[in-house]
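Dear colleague,

I am passing the structure below on to you, and after it I set out what was found. Please read the notes with the coordinates open beside them.

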Amino acid sequence: MTLEKGTGAQRAAGVIRTGKLAPLQERLKKLGLVSDWDFVLHLPLRYEDETSIRPIAEIAPGGAVQIQGRVVSSQMTMTPRGPQFVAQVSDGTDTIRVRFIHYYPSIQLQLSPGKTVRLFGEPKEAFGGMGLEMIHPRIRVPVENEDSLPKALTPVYPLGENVQQAWIRKRIARALLDLGGMEDLVPAEITTALGLPGLKASLEFLHHPPADASASALMDRTDPHWQRLKFDELLAQQITLRSVRALATSRKAPKLIAAQGSRFIDAFLSRLPFKPTGAQLRVWCEIERDLARDRPMHRLVQGDVGSGKTVVAALAALRAAEAGMQTAFMAPTEILAVQHFRKIAEWLEPLGIRCAWLTGRLKAAERRESLEAIRSGAAQIAIGTHALIQEKVEFNALGLAIVDEQHRFGVAQRLALRSNPHEPNDQTALKPHLLMLSATPIPRTLAMSYLADLDVSVIDELPPGRTPVVTKTVRLDRRADVLGVVRATAESGRQVYWVCPMIEENETIDLTSAVECKADLVRRLPTLRIGLVHGAMPAEEKNDVMQRFEAGEIDVLVSTVVIEVGVDVPNATLMVIEHAERFGLAQLHQLRGRVGRGAEKSACILLYDPALSEIGRERLKIIRESTDGFEIARRDLELRGPGEFLGERQSGMPMLRFADLETDAALLAAARDAAARMCESDPDRAARHAKRWFSAQSDFLSA
Ligand code: ADP
Ligand code: MG
């Protein structure tokens with residue numbers, strides 16, 4: 001056997017790789033291990049009990065044990081799978097077989113007949129009723145008596161590439177010693193009231209628990225020492241969010257109050273062809289209250305696709321106009337911005353409100369005109385892409401900023417909005433109110449944690465008269481049948497979206513796939529009018545295609561995910577998504593939300609690769625079974641965990657490593673209270689706690 005291949009155990013542990021290894025420090029950094037503090041927070045995955053020796057006669061399969069005995073015999077044997085090394089070890093109570101499928105000469109030596117050895121491994125029923133055996137046990141020096149055994153359970157740490165268990169154990173033990181005098185920054189009265197142990201005691205316990213510690217409490221992290229660390233983590237997060245919020249709300253905002261009665265809002269509501277839902281009105285009331293205050297609003301409105309967030313945004317903009325102030329309304333994509341512009345202008349211009357339009361691609365003259373209208377105050381509302389905040393757009397009196405589909409902007413932009421680019425650096429200047437809209441429902445516990453710097457309103461009701469979208473999953477090899485459905489839909493005068501597989505988040509590759517997909521559909525559906533829209537297309541072309549689709553001049557719109565957000569074409573009743581298994585659940589739900597916007601029955605067909613994984617199958621099932629965005633988000637969260645669910649960029653906060661927002665909701669509530677008290681009584685100490693906790697991730701926080 002060559003050394004490069006490694007032993008089976010090494011291969012199984014994934015520690016042998018070909019190719020050059022990065023230096024140890026870099027590999028550790030990948031694990032987030034740089035300072036002593038990082039090392040002490042690197043907690044064991046599980047423990048091994050080497051604190052006692054078990055008589056061979058008493059051991060049974062199910063869990064690793066330690067034994068000690070004499071090697072009765074040992075020899076190399078040939079098996080059909082190659083040579084193996086087998087020894088019989090007896091301790092007087094019984095004999096057990098020990099087998100090495102991969103071995104070095106040193107093992108032969110350690111297990112030569114007559115030697116006494118201490119072995120740690122998992123007894124298993126040997127093949128063919130041969131009694132118990134241990135495969136690849138760890139061989140240790142024998143002990144005289146149990147007093148010389150370790151007193152604590154042995155920690156088993158998560159390892160990175162070629163980081164050895166023994167090495168990391170030593171490194172962490174040293175870090176614990178070095179941090180011996182570590183300060184417990186959480187006041188004792190807070191931890192005592194919660195029944196939580198001290199910080200140092202907790203860390204020592206978790207790295208080296210006594211032999212009688214409850215294994216199950218350690219594993220499911222209900223042990224008080226675990227609770228203490230989770231608490232500290234949640235506390236650090238809450239302190240950070242509070243400081244973000246405190247900074248934002250330390251400023252004054254203009255009070256947006258209808259000085260001469262709510263004339264615009266009344267006129268708007270009376271002209272609207274439908275009645276706002278109860279949920280829309282409730283959320284509007286929450287916003288209205290915020291706008292009337294002299295502190296800047298930071299409110300996120302969450303509402304499922306089609307719940308009617310735009311109406312609520314329009315109401316807020318109208319209130320700003322009634323107060324004589326302007327609104328900036330931003331959308332993440334050009335397509336969506338155009339749609340908003342048209343819809344809002346259609347709603348508001350009859351009321352005598354002027355809407356200006358601004359994107360990065362306007363012609364010079366148009367652009368100048370828009371900028372001038374915004375600067376002079378002639379336009380009460382400016383609608384556009386983030387060109388609105390990125391460029392030097394001068395507002396006459398900006399009172400409100402609205403960000404649609406906030407999840408598409410990412411947190412960096414959310415924070416950029418806070419440190420508003422429109423305002424002079426003058427800290428006494430008024431800060432506009434901020435309203436964000438998002439169709440990505442974030443479960444309540446997550447929102448409480450990651451969005452704690454925002455107030456959240458939820459539109460939890462869809463407008464009446466919508467027929468639910470029927471969702472079907474179909475294997476890709478039955479694509480031809482689906483083409484029949486597409487043809488029938490188009491022939492009955494309805495329209496179809498066809499979303500191409502996303503190959504990578506790479507526009508060129510996706511474009512090729514979309515172009516090929518369109519060519520294929522044109523060939524197979526020669527009688528239909530087929531259009532293509534793609535993210536990498538020039539904006540004019542994109543808008544042109546979208547407009548023709550809206551006007552019913554295109555039957556089938558082939559696209560990549562660009563249509564994901566906000567598009568509103570009620571005559572489209574069929575959505576086909578190719579390689580649905582490659583999309584995120586929230587994305588699939590959004591895509592599906594493009595249909596079912598009229599009274600007509602709508603359907604969504606998810607074409608999937610039959611070779612998809614178990615999780616992939618589970619995910620498609622969730623989409624098929626539920627049309628409730630919150631339910632989907634909750635189950636997605638269960639499948640993926642918050643890290644992937646939000647993505648670090650989305651959450652704007654380092655991920656929680658220890659606490660679990662579902663199971664630790666009570667701790668989260670306690671941490672919120674404690675953060676409030678600490679920030680009040682000793683803000684400096686609170687800040688130090690947060691900083692120390694996130695020190696390993698400080699690069700991220702300062703980014
Ligand atoms: P989203 O929350 O996804 O942004 P929109 O604001 O685009 O939803 O609204 C979706 C569609 O529903 C639009 O055509 C809109 O005019 C319509 N709509 C909004 N509110 C209501 C309501 N209360 N009753 C009927 N239709 C409504
Ligand atoms: Mg919308």
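**Aromatic pairs and what surrounds them**

Trp167 has a relative accessibility of 33% and counts as partly exposed, a class that lies between buried (under 20% relative accessible area) and exposed (over 50%), with a 1.4 Å probe and protein chains only. Before going further, please note that this is a predicted model, in which local features need pLDDT of at least 70 and side-chain atom pairs count only at pLDDT 80 or more, whereas totals for chains, interfaces and linings use all residues. Residues are numbered from 1 along each chain as its sequence is written, chains are lettered from A and ligands numbered from 1 in the order in which they are written, and side-chain values use heavy atoms, with hydrogens and water left out.

The structure holds eight aromatic pairs, a pair being two rings of Phe, Tyr or Trp (its six-membered ring) whose centres lie within 6.5 Å, called stacked if the planes are under 30 degrees apart, edge-to-face if over 60, and tilted otherwise. One of them joins Phe39 and Trp167 edge-to-face, at 6.5 Å centre to centre and with 65 degrees between the planes. Because Phe39 belongs to helix α3 (residues 36–40) and Trp167 to helix α5 (residues 165–178), this pair ties together parts that are 128 residues apart in sequence; helices here are DSSP runs of H or I with at least four residues, and strands are runs of E with at least two, numbered from the N terminus. Phe39 is buried, at a relative accessible area of 2%.

Trp226 and Phe658 make another edge-to-face pair, with 5.7 Å from centre to centre and 65 degrees between the planes. Since Trp226 sits in helix α9 (residues 224–249) and Phe658 in the loop between α23 (629–651) and α24 (665–681), the pair ties together parts that are 432 residues apart in sequence. Both Trp226 and Phe658 are buried, and together with Trp37 and Trp693 they form one aromatic cluster.

**Ligand 1**

Which residues come nearest to ligand 1? Of the 18 residues around it (those with a heavy atom within 4 Å), the nearest are Gly306, Lys309, Thr310, Arg466 and Asp568. The shell divides into five nonpolar, six polar and seven charged residues, where Ala, Val, Leu, Ile, Met, Phe, Trp, Tyr, Cys and Pro count as nonpolar, Asp, Glu, Lys and Arg as charged, and the others, Gly among them, as polar. Helix α12 (residues 309–322) gives the most to this shell, with three residues.

As for individual atoms, an oxygen of ligand 1 lies 2.6 Å from a polar backbone atom of Gly306, an oxygen lies 2.7 Å from a side-chain N or O atom of Lys309, and a nitrogen lies 2.9 Å from a side-chain N or O atom of Gln280. Taken alone, ligand 1 exposes 560 Å², of which the protein buries 87%, the areas coming from the Shrake-Rupley method with a 1.4 Å probe.

**Strand β5**

Strand β5 (residues 116–121) has five of its six residues buried, so it is largely enclosed by the rest of the structure. Strand β2 (residues 65–79) runs antiparallel to β5 and is joined to it by six bridges, with Gly69 standing opposite Val117; two strands count as paired if DSSP finds at least two bridges between them. Strand β8 (residues 138–140) also pairs with β5 in the antiparallel sense, over three bridges, and there Arg140 is the bridge partner of Arg118.

With kind regards

Notes: Polar contact = N/O pair within 3.5 Å; in protein donor to acceptor, adjacent residues only side chain to side chain.
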